[in-house]
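Trainee: I'm new to this one. Can you walk me through it?
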Amino acid sequence: MTPEQLQALIRRSLPDAEVHAEDLTGTRDHWRLTVISEAFEGERLVAQHRMINEALAAQLKDNTIHALSLKTYTPARWAEAN
Amino acid sequence: MAKKFSLPIAGQSAPTAPAASSEHKTRSQGGDVQSELAHLVESNKILIFMKGSPQWPQCGFSARAAQILDSFGVSYAHVNVLEDPEIRQGIKEFSNWPTIPQIYVNGEFLGGSDILLEMYQNGELQDAINELSN
């Protein structure tokens, strides 16, 4: 997978998502993703992560993505953090 | 504080064979994986499904999650999913969560290692663990 592919998959579910992808192992199957979207507003962390997991469900299932680390932000929280 | 790992399943050679209750059937008694998982989650206040054990984690994410739980000095149970392919697949369906580790507190699914870390940092994990002793 490429960062562009990851972003495209996530945007199918979360069209406004900004996705920062870091390849943890250089093998393109262990990813750390930072995702910023309005869709996370008011949702619990577990629900926020489920949105991403569901967007990438096929790739997680067939092991195209072997490991996934997630950090989710609303645009407001992202602005605070940066 | 010394690490403690609570029974019935922690660190034992048969992590998928919890103490039998009158209503629960293990798979060897004809039960299914999903009901076995439900029983595990109900009967352990803090439970982590992980790769390896807290002493010998087999994955960085599992190691990190176990270290966070260790930091509270409370006992918790673990299931090593690498010892049981049916549990390894079954827990993903049970929780509707695609990755390992998975952490349950008081029967509630908290999430994976990223969520555990974030809840550790913002104090929510401490709150959840404090509630157990009330």
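Predicted model: local features only at pLDDT ≥ 70, side-chain atom pairs only at ≥ 80, totals over all residues.

Mentor: Chain B has a mean pLDDT of 86, and 83% of its residues reach 70 or more.

Trainee: Where does pLDDT stay under 50 in chain B?

Mentor: Over residues 1-22. The model has 35 contacts beyond four places in sequence for that stretch.

Trainee: And what are the ipTM and pTM scores?

Mentor: The ipTM is 0.86 and the pTM is 0.84.

Trainee: New topic, the backbone. Is the peptide bond from B:Ile100 to B:Pro101 cis or trans?

Mentor: That bond is cis, with omega near 10 degrees. Most peptide bonds are trans.

Trainee: Where is B:Pro101 found?

Mentor: In chain B, in the loop between α3 (85-95) and β3 (102-105).

Trainee: What about phi at B:Asn106, positive or negative?

Mentor: Positive, about 55 degrees, although B:Asn106 is not a glycine. Most residues other than glycine have a negative phi. B:Asn106 sits in the loop between β3 and β4 (108-111) of chain B.

Trainee: Is B:Asn106 buried, exposed or partly exposed?

Mentor: Partly exposed, because B:Asn106 has 15 other C-beta atoms within 10 Å. Buried would take 20 or more, and exposed 12 or fewer.

Trainee: How many other C-beta atoms lie within 10 Å of A:Arg28?

Mentor: There are 17, so A:Arg28 is partly exposed.

Key
Residues numbered from 1 in each chain as written. Chains lettered and ligands numbered in written order. Helix = DSSP H or I, 4+ residues; strand = E, 2+ residues; numbered from the N terminus. pLDDT = per-residue confidence, 0-100. Contact = placed C-beta atoms within 7 Å.
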